[in-house]
Amino acid sequence: MAETAHPSTASAAPPLRRAPKPLSLLRRRWRKFRALKRGWYSFLILTGAYALSFFLPVLVNSRALIVKCDGRYYFPAVGKFHEAKAFGQRLVGEADYRKLKRQFEEEGRGNWVILPPYPYHPHESLLTDPELPGNPPHPPSRRHWMGTDDRGRDVFARLLYGFQISITFGIAVVGLSYLIGMAIGACLGYFGGRIDLYGQRLVEIWSNLPFLYIIMIIGSLMKPDMSILIAILAIFSWISISFYMRGEFYREKSKDYAAAAISQGESNLSVMFRHLLPNGLTPVISFAPFSLVGAISSLVALDFLGFGLRPPTPSWGELVNQGLQNIFKWHLVVFPLGAMFATLLLVVFIGEAIREAFDPKSHSRLR
Amino acid sequence: MAAYFARRLLLMIPTFLGVTVIVFAITRFVPGGPIEQIIVRMQMGGGRGESAGGAGVETSVAIPEAVKEELKKHFHFDKPIWRAYLLWLGDLLSLNLGKSYTYGLPVLELIAERFPVSIYFGLIGYLLAYLVCIPLGIAKAIKHGSAFDFASSALVFIGYSIPGWALGAVLLVLFGGGSFWNVFPLGGFRSASWEQLNLFEKVIDQLHHTILPVFCYALGGFATLTILTKNSLMENLGQDYIRTAFAKGLSERRVIFVHALRNSLIPICTGLGHAIGLIMAGSYLIEKVFNIDGIGYLGFTSINERDFTVVMGILVFNTLLILLGNILSDVLYVLTDPRIRFQ
């Protein structure tokens, strides 16, 4: 009781408010994280951008948001596919909404089209676009902020959709690989003995497999889709976290609270998950952002080498590869790598702040 | 101690076998292997000959079964996988890595030819990284919390956020004579006219081709090495023996550079062993960006060509280097830290 411990202060001031409940460790760390401005703002920017990227279909899309045609309203961007004939266009397949907009304006019959702010789709080839003369890749222009790629697709649109794919991919790889690594590391550290001895040997073999090499071999034989690529990458990147988990479990298991839980007859699973895991989570959380950096740059590298996601998935690495094949098309190299750099830098700032908040190493120095 | 390292060397064997078995199995089970590749090539060759003869129709030439059998026999595809692996292992023990069917040369010769190129760039790159990172790390530790520390940290973050090959791609576009400045060549190990150059021109030419790739190699370890140096020195500066040294009245310079620094370089020294595998293996990303014909690029092209004899050869080479590098790390550990006694 704070009041009884300090009667003098209590009597001097009107009834003292009760001492606030001590914050939980996690809450304290969260506060510390928020106090580290660089990391906190990076976190806000990155999560904001990622959240915004889910609205890309209405922000960056060749389909119109709203079409008013002869008294009826259509919502192609979020709704269903409309044939060109539905709006009286003489085209086969889907309507061309940019053309439709001009057409309606010329007609002046009260029909109108609202296009998304950036009216190009990442998969859309603009080779037949009358506003883009010459051969692709086109240099950046007022309409196409970052130019087009070698198939005449808008680079800026591909870049933005690629951002969402990269982050989703990275988070999935980190999540899956941490799940595998934590489970294996926890078992090795908890059970120890023979399991640990043989397990370590197997982990050593696994860690010496040249993982990009194997992904390249597999990728050269079949074009893996996103979930397979995530699984392959995760299967080869769980090793470092399993080492940390093994160490944590090994140390925590020898502590008294673990012995108490075991002697109360709790099952192995219960001891591992309810007692040891919460105490061994620090390295997991503080390493995750840096693993995310690794996962995203692996994806870009694989796409660059041609072993990544299936075309026509918008990808940063594929653009870079195109750019290096034609050294005069600087915009195909500089913009995607700039986007990757900015994204990774934000993640690194977040990671640095998380590490600082979770694992504060105060170095005491003389002088 | 000798017994410990003898055991470590022996433990290399199961790891080595494990790695090669897994990759061997993958190369066997995946479709589109070397036999299919050769058959496709033969068919394409036949088709081209025919169209040149005026037929103009793409016909696929039927490959006689006997030839297919011959090919299968040559690549040991007619045997069960474990026998094929044992045969491969037997060849390996007699130092026969087989022959590449894309280059028509023995794999050993291919590797020996490209090895010096990879090691040239890798070694210079790592040396450069060590030369920059250790002094930088020391300076950051001594001036911890200062404006210099803060500014150089920004550099470290940037270095961590940009992979070496990505920087290489940007540098090539900027300085390779595309849309901006024409300062450096577009990669490669040396100019095509290398033989005609005199000694001075050779030196200039080699430097010209070296600067950009080496910069990218150095960037690879820049961030982690700098931070490692800094943290290691900071940790040592907080220790009791440093307090004692100060209490004896030694100068700050002597305490930091003689007492603390020697101990704090131990982790960096032992990292050297791990780096050796990386240096020698070459980075196929950087080699691909700069069109450097090294080990990494050889591995990349042979995977594309399904030339699995070369792939396995490079795998053997890289795995041995990495495993030996790990042991070398332990040796360095013993040499630099007299407290360590491996049992």
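A helix here is a DSSP run of H or I with at least four residues, and helices are numbered from the N terminus. The model is predicted.

**Exercise 1. Locate B:Leu95 and decide whether it is buried or exposed.**

Solution. 
- Step 1: B:Leu95 sits in the loop that joins α4 (81–93) to α5 in chain B.
- Step 2: A residue counts as exposed when its relative accessible area is over 50%.
- Step 3: For B:Leu95 the relative accessible area is 67%, so B:Leu95 is exposed.
- Step 4: Between B:Leu95 and B:Val117 the sequence separation is 22 residues, and their C-alpha atoms are 22 Å apart.

**Exercise 2. Check the span of helix α6 of chain B against 1.5 Å a residue, then state what covers its buried residues.**

Solution. 
- Step 1: Helix α6 of chain B takes in residues 147–161, which is 15 residues.
- Step 2: The expected span is 1.5 Å times one less than the number of residues, so for α6 of chain B it comes to 21 Å.
- Step 3: The end C-alpha atoms of α6 are 21 Å apart, in agreement with that value.
- Step 4: The buried residues in α6(B) include B:Asp149, B:Ser152, B:Ser153, B:Val156, B:Phe157, B:Gly159 and B:Ser161.
- Step 5: Their cover comes from both chains: it includes α4 (37–53) and α16 (331–358) of chain A, along with α5 (107–142) and α8 (199–237) of chain B.

**Exercise 3. Repeat the check for helix α13 of chain A.**

Solution. 
- Step 1: Helix α13 of chain A, residues 268–279, contains 12 residues.
- Step 2: At 1.5 Å a residue, 16 Å is expected, and the distance from the first C-alpha to the last is close to this at 16 Å.
- Step 3: Buried in α13(A) are A:Ser270, A:Val271, A:Met272, A:Leu276 and A:Leu277.
- Step 4: Among the elements covering these buried residues are α7, α11 (239–253) and α12 (256–263) of chain A.

**Exercise 4. Describe chain A as a whole: is it spread out or compact?**

Solution. 
- Step 1: Chain A has 16 helices and three strands.
- Step 2: For 367 residues the globule rule gives 21 Å, but the radius of gyration of chain A is 28 Å, well over that value, so chain A is more spread out than a compact globule.
- Step 3: The C-alpha trace of chain A spans about 85 × 65 × 50 Å along its principal axes.
- Step 4: Of the 367 residues in chain A, 46% are buried.
- Step 5: Chain A carries 41 positive and 26 negative side chains, with the centres of the two sets 7 Å apart.

**Exercise 5. Summarise chain B: how many helices and strands does it have, and what share of its residues is buried?**

Solution. 
- Step 1: Chain B contains 14 helices and zero strands.
- Step 2: Buried residues make up 46% of its 343 residues.
- Step 3: Among contacts in chain B with a separation of 6 or more, 73% join residues 24 or more positions apart.
- Step 4: Chain B has an accessible surface of about 17200 Å², and carbon and sulfur atoms account for 66% of it.

Notes
Residues numbered from 1 in each chain as written. Chains lettered and ligands numbered in written order. Predicted model: local features only at pLDDT ≥ 70, side-chain atom pairs only at ≥ 80, totals over all residues. Heavy atoms only, no water. Helix = DSSP H or I, 4+ residues; strand = E, 2+ residues; numbered from the N terminus. Rg over C-alpha atoms; globule rule 2.2 N^0.38 Å. Buried < 20%, exposed > 50% of the residue type's maximum accessible area, 1.4 Å probe, protein only. Lys, Arg positive; Asp, Glu negative; His and termini not counted. Charge placed at Lys NZ, Arg CZ, Asp CG, Glu CD. Contact = heavy atoms within 4.5 Å. Areas by Shrake-Rupley, 256 points an atom, 1.4 Å probe, with all protein chains shown as cover.
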